[in-house]
Amino acid sequence: MKTVQLYDIPKFDQIIEEQVATGNPVFTVFLSDIDPETSQYWCPDCLTHTFVKLFGSIDNAILVECFVGPKSGYKNVPTHPYRVHPKVQLKAIPTIMLWNKDGLVKSLIIETIEQCEMLDEFVKSIN
């Protein structure tokens with residue numbers, strides 16, 4: 001599985017377009033940044049190893065990790081670029097989305113780590 005990390009939010013459309021052009025399944029996962037004080041994701045549900053493991057089972061999958069920035073720039077900020085992006089309309093993190101040449105195929109919001117079972121179903125529906 002190929003992983004692309006995206007910190008530069010204005011490049012989202014370009015990165016997705018480039019990855020979708022490969023013809024491979026493209027997943028985005030929207031995550032919090034790492035808090036420099038704790039060296040942990042500021043959102044405790046953002047555990048990338050869970051996503052990497054699941055999507056790694058899909059042939060030729062591409063995972064684009066989209067970081068939303070620091071907590072102060074995302075939490076309770078309705079004008080955050082991913083919240084107002086016409087294709088994304090991000091409601092919560094982590095959120096997983098599947099993309100193809102026609103755009104967004106489906107998405108799943110994981111509000112608690114206990115909901116990871118839903119991830120299995122999400123991935124199985126792709127295979």
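Start with Ser39, in the loop between β3 (34–35) and β4 (40–41). This is a predicted model. Check the backbone of Ser39: phi is near 60°, a positive value in a residue other than glycine. Ser39 counts as exposed, at 52% relative accessibility.

Next, select Asn76. Look for Asn76 in the loop between α3 (71–74) and α4. Here too phi is near 60°, positive in a residue that is not glycine. Asn76 is exposed, with a relative accessible area of 70%. Most residues other than glycine have a negative phi, and most peptide bonds are trans.

Now go to Pro94, in the loop between α4 and β6. The peptide bond from Ile93 to Pro94 is cis, with omega near -5°.

Step on to Thr95, which has its place in strand β6. Is Thr95 buried or exposed? Thr95 is buried, with a relative accessible area of 3%. Show the side chain: a polar atom of Thr95 lies 2.4 Å from the backbone oxygen of Ala92. Then display the contacts of Thr95 beyond four places in sequence: Thr28, Val29, Phe30, Leu90, Leu108 and Ile109.

Finish at helix α1, residues 12–20. Select Phe12, Ile15, Ile16, Gln19 and Val20, which are buried. Turn the view down the axis of α1: the buried residues fall within an arc of 125°, so they line one face of the helix. What do the buried residues of α1 pack against? Their partners are the strands β1 (2–6), β2 (26–31), β5 (62–67) and β6 (95–100), along with helix α4 (81–84).

Key:
Residues numbered from 1 in each chain as written. Predicted model: local features only at pLDDT ≥ 70, side-chain atom pairs only at ≥ 80, totals over all residues. Heavy atoms only, no water. Buried < 20%, exposed > 50% of the residue type's maximum accessible area, 1.4 Å probe, protein only. Helix = DSSP H or I, 4+ residues; strand = E, 2+ residues; numbered from the N terminus. Arc of directions from axis to C-beta. Contact = heavy atoms within 4.5 Å. Polar contact = N/O pair within 3.5 Å; in protein donor to acceptor, adjacent residues only side chain to side chain.
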